[in-house]
Amino acid sequence: MDKQKIRAFTDRLFADMAGAMTAGMAYVGVRTGLFRAMAGKGPMRLDDVVRESKLKPRYVEEWLRGMTSAGYLAYDPARETYALPDEHAYLLASDGTDHFVGGLFAVAPVMLRAAPEVAAAFEKGGGVRFEDIGADGVHGLDLINRGNYEHRLASYWLQAMPNVVRALEAGGRVLDVGCGAGRVCIAVARAFPKAEVSGIDPDAESIRQAKEAAAAEGLGDRIRFLAQTTTDTKADGGFDLVTLCDALHDLAAPQETLAEIRALLKPEGTLFIIEPKAADQLKDNVNPVATMFYGFSLFHCMTQSLARGGPGLGTCLGPARTEELVRAAGFRQFDLLGIKSQVNLFYAARP
Ligand SMILES: C[S@@+](CC[C@H](N)C(=O)[O-])C[C@H]1O[C@@H](n2cnc3c(N)ncnc32)[C@H](O)[C@@H]1O
C-alpha cells in the first residue's frame, strides 16, 4: 500500500466531513439570518453580530468560529473581528435573486435525515416517500430554484422559444407539471398577463405552499393550482406550453406521464423541460456539482420514485436518456436549448 495515498485520502475524508458540517453551519446562517446580518457591514465584533442578529451570544460565537474555520468569514485576530466578504454575501445573503446559492443549504438537513431510511431501503427495497420530505423539504426545494424562476425563466429561458412567447403574449394556456411551491406558474403569470396558467402536483403540501405563494404575490386569482397528476388533467382544447421543471427524473411513471403531456398539448404546443445538468457518461460526472446531484438523487429524487414503484431515474439523467424517454412518448421534435447555466439543462419538445 502507498502510505502517501493513505495520508492524502485521510485528508480528503476530513475535508468531506468538514464539508458536511459546513453545509449544516451554512444552513443555520441562512435560516437564522446571520449571513444577512453581516452582509455589507465589514468587520464586526461578536457583540455587533449579536446585536444585529438578535441571537444568543454563545451560539453566535461558535458559529462565527466555525464559519471562520471553513473560510466563509474573514477573521482579524488583532481586532477580534469577523467579516463576511462581499463576494460571499453575494451568494449567501441575496435571497430572492438569481445569484442566491444559500437555498442549497436548506435541503442539506432534509437530505441527510433521510439517510437511515435510505440505507434500510438498500436491503429491503422500496424507498422514502416524497411526502416524508416535510414542509421544510418542499420549502427547501423552492429556495433552490426560486431566484432563477423569478429572474430568468420569462426574461431569458422562455425567450429561447419565440413561438411560445408569441402564444403566451396573445393569451395562451400554460400547464406546469410538478409545480412544487408554484414559482414557475407565478413567474409565467406575471410576465404574460393574458396567459391562462395552471400548476399540478400530486403532493398536497406543495400545492398548499403554491397557493399561499401566489396569494402573497397578488396572483391568487390568476393561477389554478391542483393536487393531481396529468392522468386527471383535461386538455380542454390543449395547452400551448407545458413545463416540467426539475421533475422529469422524479416521475414514478415517466413514460406514461410524458405521453399524457403530449396528449394535453396543442399540435403546435411545446413541452419545456428543465433538468439538473449532468452528462450521459459517469466518467464525465466526476465533479462537485454532479457529486451533489448524486447525493440529492440517493437521499431524495431516486428514492421517492422507487418508493412509488417507479424506475428511480435519478438526478443525473443526462441528455441522451432524456431524449430517449421523450421520443418514446411520441414527441417528434426534441432540442437541447442553448441556454447557459452551471446547474441546469433545458430542452424543448414538440408533439
Ligand atoms: C424537485 S420537485 C420540483 C418542483 C418545482 N417544479 C421546482 O422546480 O421547484 C419535483 C416535483 O415533482 C412532483 N411530482 C412527482 N411526480 C409527479 C407526477 N406524476 N405528476 C406531477 N408532479 C409530480 C413532486 O411532487 C415535486 O413537487
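Biologist: Is Val343 buried, exposed or partly exposed, and how many other C-beta atoms lie within 10 Å?

Modeller: This is a predicted model, and the general idea is to count neighbours, since a residue is buried if 20 or more other C-beta atoms lie within 10 Å of its own and exposed if 12 or fewer. Val343 has 17 other C-beta atoms within 10 Å, and therefore it is partly exposed.

Biologist: Where does Val343 lie, and with which residues is it in contact, leaving aside its neighbours within four places in sequence?

Modeller: Val343 lies in the loop between β8 (333–336) and β9 (344–350), and, once its neighbours within four places in sequence are left aside, Val343 is in contact with Pro276, Lys277 and Val289. Sequence and space can be read side by side here, for Val343 and Ala278 are 65 residues apart in sequence, while their C-alpha atoms are 8.1 Å apart in space.

Biologist: Which residues of helix α13 are buried, and why are they on the same side?

Modeller: In α13, which runs over residues 254–264, the buried residues are Pro254, Thr257, Leu258, Ile261, Arg262 and Leu264. Because these residues cover an arc of only 160° around the axis, they are on the same side of α13. Among the elements that cover them are β3 (173–177), β6 (239–245), β7 (265–276) and α15 (319–328).

Biologist: What span should the 20 residues of helix α14 have, and how far apart are its end C-alpha atoms?

Modeller: The general idea is to set the expected span, which is 1.5 Å times one less than the number of residues, beside the distance between the ends. For α14 (residues 288–307) the span should be 28 Å, and the end C-alpha atoms are 27 Å apart, so the two agree. Even so, a bend has to be looked for separately, and α14 bends by about 60° at Ser297. After α14 comes Gly309, whose phi is positive, near 80°.

Biologist: How far apart are the end C-alpha atoms of α9, and where does α9 bend?

Modeller: The end C-alpha atoms of α9, a helix of 24 residues, are only 30 Å apart, which is short of the 34 Å that a straight helix would reach; α9 bends by about 45° at Tyr149.

Biologist: How many residues surround the ligand, and which helix gives the largest share of the shell?

Modeller: The ligand is surrounded by 21 residues, of which Gly178, Gly180, Asp203, Asp246 and Ala247 are the closest. Helix α9 (residues 134–157) gives the largest share of this shell, three residues. By kind, the shell divides into 10 nonpolar, six polar and five charged residues.

Terms used
Residues are numbered from 1 along each chain as its sequence is written. This is a predicted model: local features need pLDDT of at least 70, side-chain atom pairs count only at pLDDT 80 or more; totals for chains, interfaces and linings use all residues. A residue is near a molecule or strand if its C-beta atom, placed from the backbone, lies within 6 Å of it. Helices (H or I, at least four residues) and strands (E, at least two) are DSSP runs, numbered from the N terminus. Ala, Val, Leu, Ile, Met, Phe, Trp, Tyr, Cys and Pro count as nonpolar, Asp, Glu, Lys and Arg as charged, and the others, Gly among them, as polar. Two residues are in contact if their C-beta atoms, placed from the backbone, lie within 7 Å. The arc is that of the directions from the helix axis to the C-beta atoms. The bend at a residue is the angle between axes fitted to the seven residues ending there and the seven starting there.
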